[in-house]
Amino acid sequence: MGNRLLHPEINETRFLLFKSGNEKVFEQIFNERYNSIAGFCCQFIRDADKARSIAQEAFIRLWINRGRIEKPNGIGAFLYTAAKSECLNYLRHRKVIHKYESQWLEKQEREFNCNVLESFDFSTYEFDELE
């Protein structure tokens with residue numbers, strides 16, 4: 001019931017117009033639901049710009065796949081599913097990047113430490129000087 005207050009119900013006429021490619025109806029649906037989808041994405045990824053981008057992608061996917069939507073309430077289900085899927089893909093991608101960056105930093109640190117140690121000529125120092 002609360003969802004109906006946020007999003008006007010899509011009646012059969014609007015739904016059929018949307019499915020037939022009516023851009024005005026699609027724009028109305030976008031305007032009615034975009035903020036909710038972007039907010040949903042932001043809960044997952046905590047990056048408002050990326051959340052808005054993912055929300056836009058969900059709407060693009062909706063437009064491309066509009067012929068596959070069976071019922072008016074399928075629009076919301078499609079949008080949230082597409083957004084969730086894109087958020088999970090983004091998070092997986094960030095995890096891979098983070099892992100690579102961590103490995104690279106560890107390698108750089110090891111090389112730096114080796115270079116520092118190699119730069120010392122320990123044969124010229126006495127133990128007392130190192131303390």
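The structure is a predicted model, in which local features need pLDDT of at least 70 and side-chain atom pairs count only at pLDDT 80 or more, whereas totals for chains, interfaces and linings use all residues. Residues are numbered from 1 along each chain as its sequence is written, and side-chain values use heavy atoms, with hydrogens and water left out.

The cysteines were examined for disulfides. A disulfide is a covalent bond between the sulfur atoms of two cysteines; here the term denotes a pair of cysteine sulfur atoms within 2.5 Å. By this rule, zero disulfides were counted. C42 takes part in none, the nearest cysteine sulfur being that of C41, 8.4 Å away. For C87, the closest cysteine sulfur also belongs to C41, but the separation of 3.7 Å is too far for a bond. Accessibility was classed by relative accessible area (buried, under 20%; exposed, over 50%; partly exposed, in between; 1.4 Å probe, protein chains only). C87 is buried, at 1%, while C42 is partly exposed, at 26%.

R14 is buried, with a relative accessible area of 15%, and E32 is partly exposed, at 23%.

A further salt bridge connects R61 and E86, again at 3.0 Å from N to O. It too links distant parts of the chain, from R61 in helix α4 to E86 in helix α5, 25 residues apart. Both residues are partly exposed, R61 at 29% and E86 at 25%.

D49 and R52 also meet in a salt bridge, at 2.3 Å from N to O. Both lie in helix α4 (residues 48–64), three residues apart, or about one turn of the helix. D49 is exposed, at 55%, and R52 is partly exposed, at 38%.

On the surface, F44, L88 and L91 form a nonpolar patch with about 220 Å² of accessible area together. Patches consist of residues with over 30% relative accessible area and no salt bridge, nonpolar side chains (Val, Leu, Ile, Met, Phe, Trp, Tyr) being joined within 5 Å and like charges within 9 Å. Accessible areas come from the Shrake-Rupley method with a 1.4 Å probe, and for residues only the protein chains shown count as cover. L88 lies in helix α5 (residues 74–119) and is partly exposed, at 32%.

Note on methods
Salt bridge = Lys/Arg side-chain N within 4 Å of Asp/Glu carboxyl O. Helix = DSSP H or I, 4+ residues; strand = E, 2+ residues; numbered from the N terminus.
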